[in-house]
Amino acid sequence: MIRKILFTPTLLALFLATLAGTASAQTQVSPEMRQMAIAVARACRTDLKTYCNGVERGEGRIAACLRQNAEKLSSPCRTALADVALR
């Protein structure tokens, strides 16, 4: 299930918005999406540092890293990702 969650367009937009820090003109992020992105970033902070620390941001590389390590993600990270996927 976690692998499917990491492929959702909403999640990709959330990660892009969170990791970039701002939304570009092409990727408009609602305040709700920004809040969800912040929640995911907080919940997955340790996982991102542990599994994706050296991964360059952009072009889906962070999402790909999380997909590759999906089975290792912490429970809070998995829960946050699942919550986003349900919206």
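1. The side chains of arginine 61 and glutamate 56 meet in a salt bridge, with 3.6 Å from N to O. The term salt bridge denotes a side-chain nitrogen of Lys or Arg within 4 Å of a carboxyl oxygen of Asp or Glu. Arginine 61 also forms a salt bridge with glutamate 59, again at 3.6 Å, N to O. Through these shared partners, Glu56, Glu59 and Arg61 belong to one network. The structure holds 2 salt bridges. Side chains of opposite charge can pair when their charged atoms come close.

2. The model is predicted: local features need pLDDT of at least 70, side-chain atom pairs count only at pLDDT 80 or more, and totals for chains, interfaces and linings use all residues. Residues are numbered from 1 along each chain as its sequence is written, and side-chain values use heavy atoms, with hydrogens and water left out.

3. How exposed are the members of the network? Residues are called buried under 20% relative accessible area, exposed over 50%, and partly exposed in between (1.4 Å probe, protein chains only). Glutamate 56 counts as exposed because its relative accessibility is 56%. Glutamate 59 is exposed as well, with a relative accessible area of 76%. Arginine 61 has a relative accessible area of 29% and is therefore partly exposed.

4. Most residues other than glycine have a negative phi, and most peptide bonds are trans. Glutamate 59 is found in the loop between helix 4 and helix 5. Helices (H or I, at least four residues) and strands (E, at least two) are DSSP runs, numbered from the N terminus.

5. Aspartate 47 is buried yet has no salt bridge, and the nearest side chain of opposite charge, arginine 78, is 7.4 Å away. For this comparison, Lys and Arg count as positive and Asp and Glu as negative, while His and the chain ends are not counted. The side chain of aspartate 47 does have a polar contact of 2.7 Å with the side chain of serine 74. A polar contact is a pair of N or O atoms within 3.5 Å; within protein, one must be able to donate a hydrogen and the other to accept it, and residues adjacent in sequence count only if both atoms are side-chain atoms.

6. The structure holds 2 disulfides, a disulfide being a pair of cysteine sulfur atoms within 2.5 Å. One of them joins cysteine 44 and cysteine 77, with the sulfur atoms 2.0 Å apart. This pair links distant parts of the chain, 33 residues apart: cysteine 44 lies in the loop between helix 3 (31–43) and helix 4 (45–52), and cysteine 77 in helix 6 (residues 75–85). The link of cysteine 44 and cysteine 77 is right-handed, with 95° about the S-S bond. Cysteine 44 counts as buried because its relative accessibility is 0%, and cysteine 77 counts as buried at 0% relative accessibility.

7. Cysteine 52 and cysteine 65 form a disulfide too, their sulfur atoms being 2.0 Å apart. This pair also links distant parts of the chain, with cysteine 52 in helix 4 and cysteine 65 in helix 5 (residues 61–68), 13 residues apart. The link of cysteine 52 and cysteine 65 is left-handed, with -100° about the S-S bond. Both cysteine 52 and cysteine 65 are buried. With bonded cysteines counted along the chain, the disulfides follow the pattern 1-4, 2-3.

8. Which residues of helix 5 are buried? They are Ile62, Ala63, Cys65 and Leu66. These residues lie on the same side of helix 5 because they cover an arc of only 160° around the axis; the arc is that of the directions from the helix axis to the C-beta atoms. Isoleucine 62 counts as buried at 8% relative accessibility. Isoleucine 62 and cysteine 52 are 10 residues apart in sequence and 6.7 Å apart in space, C-alpha to C-alpha.

9. The largest nonpolar core has 15 residues, and those with the most contacts inside it are Val40, Cys44, Leu48 and Leu81. Helix 3, helix 4, helix 5 and helix 6 each supply at least two residues of this core. Helix 6 gives the largest share, 4 residues. A nonpolar core is a set of buried Ala, Val, Leu, Ile, Met, Phe, Trp, Tyr and Cys residues joined through side-chain atoms within 4.5 Å.
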